[in-house]
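Visitor: I would like a close look at a single part of this model, with the geometry and the side chains treated together. Please take me through it step by step.

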Amino acid sequence: SMPYLGQAVKTYLDEQNIFYGDDLIEKTMPLGLYGITLYFIEKYGVKASSDEIYNWFLARLCPEYDEKIPLKPHAAELILNLRARGNTCDMLTASPHSIIDKCAERNGLTKLLTHCWTVEDFGNLKKNGTQIYFEVARRLGAKPEECALLDDNIEALSAAKNAGFSA
């Protein structure tokens, strides 16, 4: 989903005539939609409320998640392979339930995974901080060093590694 969310992030700022740096995607992807709205207000001085920004994103992204966003290549096979080896597999995404749940169902993830978590389930903790990974391990009844994170965001991977996860 990162290409779709990344494009929406750029489109929103472009529509507001706000200049952003090359690190925009790297900085915003681990934040989740709610975190992105706060980032826009704090970093760029966007005058809209966080609810207005959030709703703009939902309107833009719901059709993409509902109908288009596929699994990454070989993701289902990887999950099945890990489960066959006795591992539990869970999802943690920065996308909210309001847009991810239908996408997860359409792509068969709800049948493959034990939990489909979003940052919302953790009080909107950010995936680029260690606290969420400690909480994930606690909820799984595992030690951080017994957990691994596969992700496509370097900041999330670094945070999980700093929390003791394999990444």
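Visitor: Are α1 and α3 roughly parallel or roughly antiparallel to each other?

Guide: Since this is a predicted model, what follows describes computed geometry. Helix α1, which covers residues 2-15, packs with helix α3, residues 32-44, at an angle of about 30°, and their axes are 12 Å apart. Angles under 35 degrees count as roughly parallel, and α1 and α3 are therefore roughly parallel to each other. The crossing in which α1 passes α3 is right-handed.

The side of the contact that belongs to α1 consists of L5, V9, Y12 and L13, and these meet L33, I36, F40 and Y44 in α3. Sorted by type, the residues of this contact of α1 with α3 comprise eight nonpolar, no polar and no charged.

The structure as a whole holds nine aromatic pairs. One of them joins F40 and F57, whose ring centres are 6.1 Å apart and whose planes stand at 40°, so the pair is tilted. Because F40 lies in helix α3 and F57 in helix α4, residues 50-67, this pair ties together parts that are 17 residues apart in sequence. F40 is buried, its relative accessible area being 0%, and F57 is likewise buried, with a relative accessible area of 0%.

For a second ring geometry, one can turn to W117 and F122, where the ring centres are 5.4 Å apart and the planes are at 85°, so the pair is edge-to-face. W117 is buried with a relative accessible area of 9%, while F122 is buried with a value of 6%.

Technical notes
Residues are numbered from 1 along each chain as its sequence is written. This is a predicted model: local features need pLDDT of at least 70, side-chain atom pairs count only at pLDDT 80 or more; totals for chains, interfaces and linings use all residues. Side-chain values use heavy atoms; hydrogens and water are left out. Axes are lines fitted to C-alpha atoms, for helices over the stretch in contact, and angles run from 0 to 180 degrees between N-to-C directions. Helices (H or I, at least four residues) and strands (E, at least two) are DSSP runs, numbered from the N terminus. Angles under 35 degrees count as roughly parallel, over 145 as roughly antiparallel, 65 to 115 as roughly perpendicular and the rest as oblique. A crossing is left-handed if the near helix is turned anticlockwise from the far one by less than a right angle, and right-handed if clockwise. Contact means heavy atoms within 4.5 Å. Ala, Val, Leu, Ile, Met, Phe, Trp, Tyr, Cys and Pro count as nonpolar, Asp, Glu, Lys and Arg as charged, and the others, Gly among them, as polar. Rings of Phe, Tyr and Trp (its six-membered ring) pair if their centres lie within 6.5 Å; planes under 30 degrees apart count as stacked, over 60 as edge-to-face and the rest as tilted. Buried means under 20% relative accessible area, exposed over 50%, partly exposed in between (1.4 Å probe, protein chains only).
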